[in-house]
Amino acid sequence: MTHTPDTAVGIGMPAMPAPDYPADVRARLDADAAELVARYPDSRSALLPLLHLVQAEEGHVTATGMRFCAQTLGLTGAEVSAVATFYTMYRRKPSGDYQVGVCTNTLCAVLGGDAILDALHEHLGVGDDGTTEDGKVTVEHIECNAACDFAPVVMVNWEFFDNQTPESAKRLVDDLRAGRPVEPTRGAPLCTYRETARILAGFPDPRPGAVEASGGAGPASLIGLRLAKGEAGAGRVVAPRTADHPAGERPPEHLSAHDAPQKTSASDPEHPAGPVSEEGEG
Amino acid sequence: MSVVTESTEPAEPDGPSGPGGPQTSPEKLLSPVLSAFWDEPESWTLETYQRHDGYQGMRTALAMPPDDVIALVKDSGLRGRGGAGFPTGMKWQFIPQGDGKPHYLVVNADESEPGTCKDIPLLFANPHSLIEGMIIACHAIRSSHAFIYLRGEVVPVLRRLHHAVAEAYAAGYLGKDIAGSGFDLDITVHAGAGAYICGEETALLDSLEGRRGQPRLRPPFPAVAGLYACPTVVNNVESIASVPAILHRGKDWFRSMGSEKSPGFTLYSLSGHVTNPGQYEAPLGVTLRQLLDVSGGMRTGHRLKFWTPGGSSTPMFTEEHLDVPLDYEGVGAAGSMLGTKALQCFDETTCVVRAVTRWTEFYAHESCGKCTPCREGTYWLVQLLRGIEAGKGTAEDITKLEDIADTINGKSFCALGDGAASPIFSSLKYFRDEYEAHVTGGGCPFDPALSTVWADQSPQEVNA
């Protein structure tokens, strides 16, 4: 058994009795917990936020943290443990300050996520879910993170690093280990995993500029809008059917707005689809 | 057709344009509504939103009796954008009135279906459209407390949701006596903790109650006994965010887009081996051919091999389905589901066995364990698929895959099981020979390096 009572949180009953938080920590967490519990009609709804909160305190969910949740919400240790072990975002062992998650669900994997994960394992000398010796970086594979139009995607402490390559990902972890500032493509300048967990618990990021950081929508999010506005020069747009038209010249015009998507609805050919830009039209 | 193999060669200038009709210009094909001002410098702020008719729909709605709001949304024909396509207004109508219980609105922002990437960019760029939609919906169903269940793994979006909710409170759009109407509403932003199953609405409710996210037996449906056993509406982010424009611009405007049974606009998410992956907002019923046509097609020199119309849980399509209208009826008639409109496109460099194996590993990992067919079935599917992919499979293994998928499909507690069976059935339908090639050839005939985004990039090629 590799079970060590002071750090490991196994599936099932934690080693009892778990030590309490020091009094000052407990007082601080009690105040935070009261604020979270007050947001819900039923106190038990605050369990997921409270687990994020104790993770923010210690970097992972410990037996002490679970005991705190159970006492705060009037639950048994087993009830809390059952929930803590169900969700993948709750760590059950100490991990790095920066969690580097490489998406290896099908689309990202095919587009290069597998190669990125392999490169990081080799570069850092750690396996999946492994942490570098300096305690800075934990590498893991993650599931689809709703950014497929920015594939391959790497998440660091759940901020987006879009359109990655093995080289960019290696530079990223080197910067993290060296303490150089790293900025995501979408999201705020990185804070530590524990600080991130506090935001997840439900306490807004206190840093000025964190909400505004990285600006508005990412380039892929805007691509359809830019096309619709006739700003086709944006990005690397190639219109294959206009290849025989000189650059800059527009393709042949349509007869009317209603011939745009012809018979696009098999269910209702009598009702041609087409956008209407002005209110009241049609 | 040329769109399928986007290439440097000139397209056939006079050739038939295919069943999708003549080439469509992007300005005419696309219809940005939700995404209309995402390119503004601070698109996520209340100030920007108000400059673009923000909270006008709310004013209209609060001046109407709640039942009239429900009727209007019902008449608009808005259908759920989370996958199932259930009419939104009808969902609201199911909430019993005068029952003396609190009513709740829970927004499903647990976007986790592989390939799906519409709600997250929407909330990042324009969170107020969701908040305004929630105010309208809560007025309609007589709810004074609503929740946004956001998946935890998207902290940048969580920041902007916290910020937007705070802005809305400060402006008097949330809290007591909203905009002087006498209507009260509180919104709680709730971050999940990493579980795909919580996108299933009853698992989401269990999770929001502080339990393991496992689906509930239905009936009772959430409309009768949902959150805390009270009448509850669970709606997808995009469904609710579409409501303010309907209130502000009218149901006839909304119905002028799309088709009779699938009216309106929606976000199509193009990803994979395409020249320009991204969000394309268009009327329901456009085709993949049209979207590829206006967006630059597949990546240079490659052909479309297979694609999903709405995430990995929707049966895959091939080149022959390029002209299927992407609305609820059109995709259904072609043997799949519109789902989340996550158009993941894979070209001929992609091994379908590898793709399906990876999706199946996902379902096995995310199976909640409550029911036996899904828990055990997805596990065994993974074992068989890994063997086949590694060239250690047999012909019987392929038959066994089908058997197990059949044991899961329709016999599981919730739709996760059906979703796990979909890629198996559909890939065997279109690409059985590829499975067989893995068995007879003793391994995978594909080179994964060729399907990466950097495979075709020469050093001098610079992409914007």
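This is a predicted model: local features need pLDDT of at least 70, side-chain atom pairs count only at pLDDT 80 or more; totals for chains, interfaces and linings use all residues.

Residues are numbered from 1 along each chain as its sequence is written, chains are lettered from A and ligands numbered from 1 in the order in which they are written, and side-chain values use heavy atoms, with hydrogens and water left out.

I begin with chain A. Helices and strands here are DSSP runs, of at least four residues (H or I) and at least two (E) respectively, numbered from the N terminus. The axes of helix H2 (residues 47–58) and helix H3 (residues 63–73) of chain A come within 9 Å and cross at roughly 145°; such axes are lines fitted to C-alpha atoms over the stretch in contact, with angles from 0 to 180 degrees between N-to-C directions. Contact means heavy atoms within 4.5 Å. Among the residues that meet are A:Leu47, A:Leu51 and A:Val54 in H2(A), and A:Met66, A:Phe68 and A:Leu73 in H3(A).

How many residues of H3(A) are buried? Eight of its 11 are, where buried means under 20% relative accessible area with a 1.4 Å probe, protein chains only. These buried residues pack against helix H1 (23–37), H2 and helix H4 (77–84) of chain A. Just after H3(A), A:Gly74 takes a positive phi of about 70°.

I turn to the cores. A nonpolar core is a set of buried Ala, Val, Leu, Ile, Met, Phe, Trp, Tyr and Cys residues joined through side-chain atoms within 4.5 Å. The largest has 170 residues, and A:Leu51 and B:Trp92 are among those with the most contacts inside it. Helix H7 (residues 127–141) of chain B gives the most to this core, with nine residues. Apart from it lies another core, of 28 residues, including B:Leu30 and B:Tyr328.

Chain B is divided into domain 1 (32–252) and domain 2 (363–445), with bounds from an automatic or database domain assignment. Their centres, taken over C-alpha atoms, are 36 Å apart.

Finally, B:Ala342 lies in strand E9 (residues 342–347) of chain B. B:Ala342 is buried, with a relative accessible area of 0%. B:Thr308 is 34 residues away from B:Ala342 in sequence and 6.8 Å away in space, C-alpha to C-alpha.

Technical notes: Buried means under 20% relative accessible area, exposed over 50%, partly exposed in between (1.4 Å probe, protein chains only).
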